[in-house]
Structures are given as C-alpha cells and as structure tokens.
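Welcome! Take a moment to look over the structure below, and then let us walk through it together.

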Amino acid sequence: MLKHSVATALLAAGLLLGNHAAAQDTMAMPNQSAAMAASAPRDPALKPVFEEFGGKPGLVSLVNDFMDNLMADPVTHPFFANVDREHVKKELVDQFCVILDGPCTYTGRDMASVHKGMGVNRADFNALVEDLQKAMNQHKIPFRAQNKLLAKLAPMHKVIITRK
C-alpha cells in the first residue's frame with residue numbers, strides 16, 4: 001500500500017484543483033500552457049491504466065462519487081460548498097483523463113493559481129486524498145492503478161498546500 005502521505009498528497013491535489021478552479025473565473029484556453037501541462041502531465045505509459053479506470057465514463061462515475069465523499073467530509077466540505085461542483089468535476093475528469101493518456105484535453109488553470117490564498121493545510125490535503133482513495137476503492141479500481149494515478153498527482157502538493 002502507498003504510504004499515507006503520498007496517497008494523501010495525490011488525492012488532495014486532484015480534489016483541490018477542481019474545487020478552487022470552479023470558484024474562480026475559468027475560461028477554457030485554446031492551447032494548453034506549460035503551467036496547465038504541469039497540472040495534467042500526460043503519460044502515454046499510463047494508457048492501460050486509463051482502461052482500468054473504465055475510460056472516460058469510468059472517470060466520470062469515479063469523480064461523481066469523489067465529490068460526494070468530499071461534500072460528506074467535514075474537513076473538505078468547506079472548500080467545495082460554494083463552488084460550481086459540476087465544473088469542478090468536469091475539470092477533475094479531464095485532468096485525470098489527460099494524466100492517464102485518455103482522449104481528453106485539460107483546459108483548467110495551473111495548480112498554483114487555483115489554490116492561491118485558499119489556506120489548504122496538510123490535514124486538508126490528506127483528507128482529500130483519503131476521499132479519493134475511498135472513491136477508487138468503491139469503484140474497485142486495482143490498487144496498482146490507483147497508485148499510478150496518485151504518483152502523478154502527489155508532486156502537486158507543493159503548490160496546493162498554501163497559507164492564507
């Protein structure tokens with residue numbers, strides 16, 4: 001099993017990306033910038049993992065349950081209570097899809113600007129990751145596939161954990 005901190009970092013990165021993106025003006029951009037590419041680093045080696053997640057329909061279902069988990073969690077709920085959750089879910093699906101080399105384009109903002117001023121701390125981030133892991137387990141996504149996605153998301157914790 002992944003160490004708790006790595007799994008937590010990955011989950012929180014994905015969740016908080018979508019959440020704050022919806023709270024701010026997020027117009028789609030025609031070209032993916034380097035900052036956006038860093039938020040969704042495409043990895044062709046993960047194409048088989050994309051299929052283990054059930055393709056894009058599987059990601060949509062996963063992210064729906066992930067958002068339900070986030071809203072039910074008293075730690076993460078405040079970050080998502082007043083945002084366009086449908087927009088956040090769309091951005092998360094696209095982000096995960098691109099990372100897993102699916103046929104998607106991520107047009108959301110980079111993680112640093114999305115999370116600036118949110119005051120996300122380590123406990124918030126860890127709670128998000130746990131909520132993502134819970135959703136992946138609910139969808140019976142193989143542990144190895146979960147770890148591959150989380151390993152791509154984990155480095156984002158450096159720009160997501162912020163101070164107000």
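Some positions come with notes from UniProt; these positions are given in the numbering used here, feature names are shortened, and annotations may be inferred rather than shown by experiment. The "binding site" annotation, from an unreviewed UniProt entry, covers His115. You will find His115 in helix α7; helices here are DSSP runs of H or I with at least four residues, while strands are runs of E with at least two, and both are numbered from the N terminus. Is His115 buried or exposed? Its relative accessible area is 0%, so His115 is buried. For these words, buried means under 20% relative accessible area, exposed means over 50%, and partly exposed lies in between, with a 1.4 Å probe and protein chains only.

Before going further, please keep in mind that this is a predicted model, in which local features need pLDDT of at least 70, side-chain atom pairs count only at pLDDT 80 or more, and totals for chains, interfaces and linings use all residues. Residues are numbered from 1 along each chain as its sequence is written, and side-chain values use heavy atoms, with hydrogens and water left out.

How confident is the predictor? The pLDDT gives its confidence in each residue, from 0 to 100. The protein has an average pLDDT of 79, and 74% of the residues score at least 70. Where pLDDT is low, the predicted coordinates should not be read in detail.

Now let us turn to the charged side chains. How many salt bridges does the structure hold? There are 5, each being a side-chain nitrogen of Lys or Arg within 4 Å of a carboxyl oxygen of Asp or Glu. In one of them, Asp101 meets Arg42 at 3.2 Å, N to O. This pair links distant parts of the chain, 59 residues apart: Asp101 sits in the loop between α6 (85-99) and α7 (111-115), and Arg42 in the loop between α2 (34-39) and α3 (47-52). Asp101 is buried at 16% relative accessibility, whereas Arg42 is partly exposed at 39%.

Another salt bridge joins the side chains of Asp94 and Lys56 (3.7 Å, N to O). Here too distant parts of the chain are linked, with Asp94 in helix α6 and Lys56 in helix α4 (residues 55-72), 38 residues apart. Asp94 is buried at 5% relative accessibility, and Lys56 is partly exposed at 36%. Both belong to a network of salt bridges that links Lys56, Lys90 and Asp94.

Glu86 is exposed at 55% relative accessibility, but Lys89 is buried at 13%.

Our last stop is a bond between cysteines. A disulfide is a covalent bond between the sulfur atoms of two cysteines; here, a pair of cysteine sulfur atoms within 2.5 Å is counted. The count is 1 disulfide, formed by Cys97 and Cys104 with their sulfur atoms 2.0 Å apart. The torsion about their S-S bond is about 70 degrees, so the disulfide is right-handed. Both Cys97 and Cys104 are buried.

Terms used: pLDDT = per-residue confidence, 0-100.
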